[in-house]
Amino acid sequence: MMKVRKLRLKLKEYLNKSNIKYCEEVANKSGQDLIKTKDNMTRAQKKLGVSFKDYCENDFYKMSFDEQKEAYEIIAEEREKRKEERARQREYVISLVMEETGWTHDFALKKMKGAKRRAGISFNNYYIYNFHEVPKNRQKNAWQEILNKGKEERESTLIHHKVKAEREEYIEKIMQITGWSREVTENRLRAARKNTGCTYKEYYTYGFFNLKEEEQKQMALIACSQKLSEKYNVNRLFLSLIQNKEKSNRYFEKWLGRNWCVNKKVTFEEFKNIFKHTDKVVYKPLKGNRGIGVEVFDISEDRIKSIYDEIAILPEGVVEEYIVQNKDMLKMSPKSVNTIRITTISQNVSENKKESLQVSFLYAALRIGDGVSVVDNFHSGGMTAAIDLKSGEVITNAANLERGVFEKHPATGVQIKGFKVPLFDQAIEMVKEIISEKEVEGYIGWDVAVTEQRPVLVEVNSYPGVVLLQTPYSHEKKGMKYVFDRFL
């Protein structure tokens, strides 16, 4: 105790209280003494500009100096982008106030800064609530009144309306299927939510109205996925990377198997050269999900310039060579690239004072397009079916979020249950290789497409969810919560 006290006193000479806290946290996690930890953190701060907070929260103690430098560049770049976006937003709001009042830019800025300093009124709220009409000596009281009222209004409008709309939608659907009265439906929904924590959507999609209480408890729900994410996805730096498609593509480029670029960062000549061996490209927004905003473009020679111009003015995103999938996957649903979702949990485990990366495969699912959409995304009308992790064979019928069950694909007639996913063992090996080579830790979903030659990585998901596995089994009244329980 005396040694620790002395070390703390020594550290206080040049560290403030918050830095001591981060220093101690890193020392506890790394097993180093406080002085050595302080020296390492101070070195990173002086040479790279890394704050003690960033060093601690992003586990910089695990990295070499060069890795720290690369990681901090990513953090700094993200911050700079956010700063620039805030500056753009601020200028836009100033221009709106100028338009409303006829003030000059400098006068509007002075007035808005004064309101922020006096009453904590943001530039956005200054414009929204017309504070240019409120005398400066009344602005503080006026803002407090809005805050008191606003809190109540936000709860009773934005959030409440969203929840109410979803609730109404699924109450109607459940009443139609079951023939129950509204009162019975609401009572049973209330009981199931208390019993399991299910959402209205889960109650409907998983057919809770056909299940006993104990059967309901065995269903894998959103809450299960949230707990897994909170427990295992603690590396914020890695999560930030994979949520940005440009950075993710660069990081995992070895396994992409296709050419790509960023729409805002290439000239027409570069674009033409990158995609000279393909006649189709896919555009994906930089931070989109669930297939939202994804577009496929035909770039045959007579159209390539007009398509380049069209893509160039879209929000910043990646443009990728269209994946030509394996002929067996193509037969299933030719309109979209049908993919495999492989979900893993990987974590460092200590054995005999040695750390090793332990990888567990939770499930695999086949994501199939509906035959109309260009994406196979489950939330965009697609279907899902479970795959046996050992054999690569589809072991359930396909199902969608509207409780549709399909023995055969509705558009192509291909038998789904029993379908053998081509090159599945290679897909599993590819995921193992990525996790090992990149030392990936966390609860991650890997979307993989299969070409004639090999599996390729489509994208990486930091919140893979449980719905792709539970949905096809729900029609068999089989809960899949047990798959995840051992990791919670």
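Student: Which residues form the negative surface patch?
Tutor: In this predicted model, Asp66, Glu67, Glu70, Glu73 and Glu439 form a negative surface patch.

Student: And where is Glu70 placed?
Tutor: Glu70 is in helix 5, the helix that covers residues 65-101.

Student: Let us turn to pairs of opposite charge. How many salt bridges are there?
Tutor: The count comes to 24 salt bridges. Side chains of opposite charge can pair when their charged atoms come close.

Student: Which residue does Lys254 meet in a salt bridge?
Tutor: Lys254 meets Glu437, with an N to O distance of 2.9 Å between the side chains.

Student: What about Arg341 and Asp447, how do their side chains meet?
Tutor: They meet in a salt bridge, with 2.4 Å from N to O. Since Arg341 is part of strand 5 (residues 339-351) and Asp447 part of strand 10, the pair ties together parts that are 106 residues apart in sequence.

Student: Are Arg341 and Asp447 buried or exposed?
Tutor: Arg341 is buried, and Asp447 is buried as well.

Student: You mentioned strand 10. In which sense does it pair with strand 11?
Tutor: Strand 10 (residues 442-450) pairs with strand 11 in the antiparallel sense, over six bridges. The two strands form a hairpin, and four residues lie between them.

Student: Which residue of strand 11 stands opposite Val450?
Tutor: Pro455 of strand 11 is the residue opposite Val450.

Student: Why is strand 11 said to be largely enclosed?
Tutor: Strand 11 covers residues 455-461, and six of its seven residues are buried, so the rest of the structure largely encloses this strand.

Student: Back to salt bridges. What is the partner of Lys481?
Tutor: Lys481 forms a salt bridge with Asp485, and their closest N and O atoms are 3.1 Å apart. Both residues lie in helix 20, with a separation of four residues, about one turn of the helix.

Student: How accessible are Lys481 and Asp485?
Tutor: Lys481 has a relative accessible area of 28%, so it is partly exposed. Asp485 also counts as partly exposed, because its relative accessibility is 31%.

Student: Which residues are linked in a network of salt bridges?
Tutor: The network links Arg167, Glu168, Arg182 and Glu186.

Student: Where is Asp59 found, and is it buried or exposed?
Tutor: Asp59 is found in the loop between helix 4 (52-57) and helix 5 (65-101). Its relative accessible area is 17%, below the 20% cut-off, so Asp59 is buried.

Student: And what is the phi of Lys477?
Tutor: Lys477, which is not a glycine, has a positive phi of about 60 degrees. Lys477 is found in the loop between helix 19 (467-474) and helix 20 (481-485).

Student: How accessible is Lys477?
Tutor: Lys477 counts as partly exposed, because its relative accessibility is 45%.

Note on methods. Residues are numbered from 1 along each chain as its sequence is written. This is a predicted model: local features need pLDDT of at least 70, side-chain atom pairs count only at pLDDT 80 or more; totals for chains, interfaces and linings use all residues. Side-chain values use heavy atoms; hydrogens and water are left out. Buried means under 20% relative accessible area, exposed over 50%, partly exposed in between (1.4 Å probe, protein chains only). Two strands pair if DSSP finds at least two bridges between them. Patches are made of residues with over 30% relative accessible area and no salt bridge: like charges are joined within 9 Å, nonpolar side chains (Val, Leu, Ile, Met, Phe, Trp, Tyr) within 5 Å. Accessible areas come from the Shrake-Rupley method with a 1.4 Å probe; for residues, only the protein chains shown count as cover. A salt bridge is a side-chain nitrogen of Lys or Arg within 4 Å of a carboxyl oxygen of Asp or Glu. Lys and Arg count as positive and Asp and Glu as negative; His and the chain ends are not counted. The place of a charge is taken as NZ of Lys, CZ of Arg, CG of Asp or CD of Glu.
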